[in-house]
Amino acid sequence: MSFLSETRRRRTFAIISHPDAGKTTLTEKLLLFSGAIQIAGSVKARKASRHATSDWMEIEKQRGISVASSVMQMLYRDHVINLLDTPGHKDFSEDTYRVLTAVDSALMVIDAANGVEAQTRRLIEVCRQRDTPIITFVNKMDREVREPLDILDEVERELGMPCVPMTWPVGQGKSFRGIMNLRTQTMTVFESGSERLPHDFETIALTERDTLTKRFGADFESAMDSMELATGASPTWDREAFLAGRQTPVFFGSGVNNFGVMEVLDALVDLAPSPQSRTSTTMVNRQPVVKEIQPEDKDFAGVVFKVQANMDANHRDRIAFVRMASGKYTPGMKLKVQRTAKELRPTSVVTFMSQRREAVEEAYAGDIVGFTTHGGVQLGDTITDGASLQFTGLPFFAPELFMTVILKNPLRTKQLQQGLAQLGEEGAIQVFRPEIGGPMLLGAVGQLQFEVVQHRLKAEYDADVRLEGCQYTGARWITADSPAELREFVNAYPQRMAKDAADTLAFLCTSPYDVRLAQERFPKIHFHPLREHA
Ligand code: GDP
């Protein structure tokens with residue numbers, strides 16, 4: 001297969017949902033139907049128990065699972081589909097945002113009874129900011145749920161973009177009869193159970209209206225009516241608009257019953273985009289110049305969007321997940337970390353073809369490659385085979401929760417520093433070093449991040465710490481147009497200044513008014529609530 005066809009046949013997407021909407025079930029069915037796994041239940045089995053004794057244990061389990069199954073690759077209709085899972089817990093939303101920077105589209109799973117829920121809303125915001133195309137799957141139609149028109153209405157409102165139904169349900173709950181496929185103009189008849197494969201379902205052409213009416217009676221008639229209302233009110237399918245994040249195709253089904261899932265798999269091939277270009281900056285005559293990296297560019301370039309410590313506490317190695325933006329990866333090729341200009345020396349490299357971890361043969365733009373290293377790689381790092389460039393856009397959010405780290409045994413200072421440096425690089429937490437010295441500060445977006453870090457410092461670095469509350473409630477990364485202005489500002493607030501893991505200067509706040517006051521005093525200083533790795 002030619003290099004160009006290799007990149008064009010790839011699809012890389014994230015699956016997003018509010019917990020319990022059916023993400024795990026759908027993931028498993030997608031893998032099952034593409035032939036990537038043989039037995040239903042293997043994804044599910046690894047999902048953390050819902051009744052874990054404590055929150056962090058739950059998270060520990062999730063970590064175990066996420067190493068194993070956060071990236072899954074499948075081959076379907078001659079296409080290579082990379083599925084990226086996103087963490088379920090809201091306290092880890094930062095990780096989810098970063099995963100969303102590594103994909104070209106998103107599959108949103110909605111529980112048809114609950115509609116768009118809190119966590120989905122946050123994820124939608126991120127997709128919207130990046131104009132990520134979204135495919136919508138309305139799940140659990142076998143339950144007593146809301147009217148499909150009502151659901152579409154809510155999705156439209158929440159997404160701020162029109163829905164285009166691709167399938168339409170006939171009945172729901174006890175009287176769920178099936179779905180009409182509007183593209184093929186057929187009805188697929190619902191039967192419950194998880195044994196059936198897609199071709200085992202009976203299909204009837206919509207032109208056989210008499211048969212359908214006779215068999216499904218009022219359910220069919222009213223489905224036709226609501227479908228006509230829905231299609232009349234929605235715009236016609238426009239792939240360009242979808243790709244620009246201006247309309248979403250909607251599918252209905254029941255994941256647990258294997259029903260309506262094949263349509264989603266086909267949509268990933270037929271509708272979802274192949275790898276898109278990625279923005280980077282490169283220095284030309286010492287000036288940063290924006291450069292779009294195209295998937296068909298021959299040179300290897302990729303960005304680390306996730307770093308995961310190995311679960312084995314005896315090995316200090318970590319997997320850096322790299323989303324390839326261009327080029328071809330082959331084993332043994334020499335790669336460089338742009339930030340340090342050092343060679344990347346992985347101890348092992350994996351891609352995610354099938355569930356077995358076979359040695360990688362080759363990978364292309366859109367693929368995720370996992371490099372196991374002993375360090376030297378951080379979140380946001382750009383990896384290339386020579387070209388000097390830096391990808392932009394990996395977000396870090398200003399933390400809203402802060403804790404001071406107190407080491408219980410002062411003789412473990414070195415271990416603590418190493419642990420914090422590594423956990424900071426991994427993005428598990430943000431670490432701030434106050435400029436005037438004193439204990440380190442941890443900044444988080446979600447409370448659970450603290451528990452995880454405290455636990456991991458002890459388990460992985462043998463550094464037992466106490467976390468104490470402190471007066472800070474926010475932070476802003478600061479920049480100025482001239483070094484003199486920055487100096488003046490730093491001198492005005494010496495106790496408020498701290499550096500993060502990437503050595504970027506931040507201003508620590510104790511109240512929302514702090515920034516406003518500081519801004520009034522120093523109108524030329526820029527306060528950033530978000531830091532993009534650059
Ligand atoms: P996740 O938290 O989003 O990954 O959700 P899961 O896939 O674990 O599903 C949550 C619960 O909903 C589980 O008990 C599933 O068996 C159930 N579930 C998933 N899909 C369906 C469906 O289509 N119909 C019904 N009735 N239950 C479903």
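## A look at helix 6

Helix 6 covers residues 118–130, and at 1.5 Å a residue its 13 residues should span 18 Å; the end C-alpha atoms lie 19 Å apart, which agrees. Keep in mind as you look around that this is a predicted model.

Which residues of helix 6 are buried? They are Thr120, Leu123, Ile124 and Cys127. These residues sit on the same side of helix 6, because they cover an arc of only 110° around the axis. Turn to the face pointing away from that buried side, and you will find the exposed residues Ala118, Arg121 and Gln129.

What covers the buried residues of helix 6? The cover includes the elements in this table.

| Element | Residues |
|---|---|
| Strand 1 | residues 10–17 |
| Helix 5 | residues 93–101 |
| Strand 4 | residues 105–111 |
| Strand 5 | residues 134–139 |
| Helix 7 | residues 148–159 |

Now let us step back to the whole protein. Its secondary structure comes to 14 helices and 33 strands. The C-alpha atoms fill a box of roughly 80 × 50 × 50 Å along the principal axes. For 534 residues, a compact globule would have a radius of gyration near 24 Å, and the 25 Å of the protein agrees with that. Of the 534 residues, 45% are buried. Among contacts with a separation of 6 or more, 73% are between residues 24 or more positions apart.

Methods. Residues are numbered from 1 along each chain as its sequence is written. This is a predicted model: local features need pLDDT of at least 70, side-chain atom pairs count only at pLDDT 80 or more; totals for chains, interfaces and linings use all residues. Helices (H or I, at least four residues) and strands (E, at least two) are DSSP runs, numbered from the N terminus. The radius of gyration is taken over C-alpha atoms; the globule rule is 2.2 Å times the number of residues to the power 0.38. A residue is buried if 20 or more other C-beta atoms lie within 10 Å of its own, exposed if 12 or fewer, and partly exposed in between; C-beta atoms are placed from the backbone. Two residues are in contact if their C-beta atoms, placed from the backbone, lie within 7 Å. The expected span of a helix is 1.5 Å times one less than its number of residues. The arc is that of the directions from the helix axis to the C-beta atoms.
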